[in-house]
Amino acid sequence: MLRERIAENLATIKAAGLWRQLEPWPYPADSFRGQFASNDYLALRAHPKVLEAFHQGLQEWGAGSGASPLVVGYSNAHHELSEQLADWLGFDRILLFSSGYAANQGVLQALQSVGAVPILDRFAHASLYDGIKTLPVHRFKHNDLSDAKTKITSVKAQMHEGTPLLVSEGVFSMDGDSAPIAGLSALVRQQNGLLFIDDAHGVGVTGERGRGAMDSRGSDGIDILSGTFGKAFGLGGAFVASDQQICDYMVQKCRHLIYSTAFTGAQAMAIQASLGVIQAEPERRGILTRNISRFRDYAAQLQLRLLPSSTPIQPLVIGTPELALRLSHALRTENIRCIAMRPPTVAKGTERLRFTLSAGHTETDIDALFSALVRIFHQDKELHEACVVR
Ligand SMILES: *Cc1c(COP(=O)(O)O)cnc(C)c1O
């Protein structure tokens with residue numbers, strides 16, 4: 001029975017053009033040529049200071065942490081990293097997690113057990129949806145403050161004991177746009193709720209000091225902030241920032257924190273080095289900004305249907321899974337890798353290629369991408385038609 005169901009499921013996925021597969025990426029960490037798909041926005045994955053700190057950390061802390069944080073997995077290196085991040089982001093405390101997925105799911109689950117009722121931006125990441133314990137999932141229209149208010153009011157009317165927990169993202173992973181932090185902050189204050197922002201793609205990248213959502217207006221209204229070390233930091237692992245009470249509560253109740261092995265102290269040292277580079281080398285964000293402009297200028301010349309994003313996430317909406325895959329495959333034959341995003345990751349009809357830019361790209365890399373696109377569109381009129389503004 002189970003086997004038949006799996007087979008049926010696989011066949012349906014394949015027929016719908018939604019088949020996913022794992023393919024090894026053969027190039028080294030510092031290679032950005034022909035690669036517009038990674039989240040290594042500041043090219044820190046291969047930064048000498050980060051690598052050196054990791055090496056040194058391996059001598060000191062070994063290749064693994066040995067246990068979960070509450071046992072012996074939380075080293076001095078973890079503690080220093082937490083203090084540095086808390087200081088930089090302006091929170092009482094930081095907790096470290098093995099991944100952003102675990103952090104988001106764990107925090108939401110723990111808060112629901114004391115009466116938080118999450119209300120998600122519709123475009124929230126899967127890890128936030130997967131933190132929901134009881135159905136229905138409450139969600140509001142993407143970046144729509146008045147719909148958020150309506151949903152809060154209705155949740156309050158249904159659940160007298162519940163506290164609305166508004167959940168959104170600093171930078172949305174599929175669209176590259178940002179939540180209206182000031183508006184959301186004002187709304188939760190007015191409604192006696194809490195605000196949880198997942199800034200996986202913002203921290204290290206956006207804002208005057210590279211602090212992502214924390215550099216935006218109204219950031220003092222953010223009660224809980226999560227972020228990953230897997231994107232701009234160039235490593236892996238994640239953090240949650242909040243006040244003393246919420247962090248104390250997470251240490252008691254957050255299952256991903258309690259029952260999962262900590263990342264190694266060596267990694268904590270490497271993340272400290274990454275943080276140091278983010279703080280000391282703002283020019284990396286400058287290069288990234290110039291690369292984004294170069295990309296958008298070319299795209300405008302070709303009249304491509306880009307979403308209005310100013311972040312390194314630059315989605316080209318194509319509209320069907322087949323055509324999105326066709327462009328992705330055509331780019332492959334030009335030695336360029338960029339992934340087609342299809343349902344359920346994005347809504348049906350908004351299938352897209354999501355280009356991501358990095359400070360590691362050179363002008364030549366971006367020029368080569370657009371030369372390839374021109375060649376592809378020249379050969380495939382239908383694809384061209386699907387990619388330009390109508
Ligand atoms: C990548 C991502 C996560 C998950 O972080 P990991 O550390 O990769 O598990 C969470 N939220 C958003 C918005 C993301 O893009």
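Reply: What follows describes the aromatic pairs and then the ligand.

The model is predicted. A pair of aromatic rings is described by the distance of the centres and the angle of the planes. By the rule that ring centres must lie within 6.5 Å, the count comes to seven aromatic pairs. In one of these, the ring centres of F229 and F239 are 5.7 Å apart and the planes meet at 35°, so the pair is tilted. F229 belongs to the loop between strand 6 and strand 7 (238-242), whereas F239 belongs to strand 7, so this pair ties together parts that are 10 residues apart in sequence. F229 and F239 are both buried.

A further pair is formed by F295 and F370, whose ring centres are 5.3 Å apart; their planes stand at 70°, so this pair is edge-to-face. Because F295 lies in helix 12 (residues 283-301) and F370 in helix 14 (residues 363-379), the pair ties together parts that are 75 residues apart in sequence. Buried means under 20% relative accessible area. F295 therefore counts as buried at 1% relative accessibility, and F370 likewise counts as buried at 3%.

F229 and F239 also belong, with F233 and F263, to one aromatic cluster. Beside these ring pairs, there is a charge over a ring: K14 lies over the face of W19, at 4.3 Å from the ring centre.

With 3% relative accessibility, G227 counts as buried. G227 and W61, by comparison, are 166 residues apart in sequence and 24 Å apart in space, C-alpha to C-alpha.

The ligand is the last topic. It is surrounded by 13 residues, of which the closest are G100, D198, H201, T228 and K231. Helix 5 (residues 100-112) gives the largest share of this shell, three residues. A polar backbone atom of G100 is 2.7 Å from an oxygen atom of the ligand. In the case of K231, a polar side-chain atom lies 2.6 Å from an oxygen atom of the ligand. An N or O atom in the side chain of H125 is 3.4 Å from a nitrogen atom of the ligand. On its own the ligand has 380 Å² of accessible area, and the protein covers 84% of that area.

Terms used:
Residues numbered from 1 in each chain as written. Predicted model: local features only at pLDDT ≥ 70, side-chain atom pairs only at ≥ 80, totals over all residues. Heavy atoms only, no water. Buried < 20%, exposed > 50% of the residue type's maximum accessible area, 1.4 Å probe, protein only. Phe/Tyr/Trp six-rings, centres within 6.5 Å; stacked < 30°, edge-to-face > 60°. Helix = DSSP H or I, 4+ residues; strand = E, 2+ residues; numbered from the N terminus. Lys NZ or Arg CZ within 6 Å of the ring centre and 35° of its normal. Near = heavy atom within 4 Å. Polar contact = N/O pair within 3.5 Å; in protein donor to acceptor, adjacent residues only side chain to side chain. Areas by Shrake-Rupley, 256 points an atom, 1.4 Å probe, with all protein chains shown as cover.
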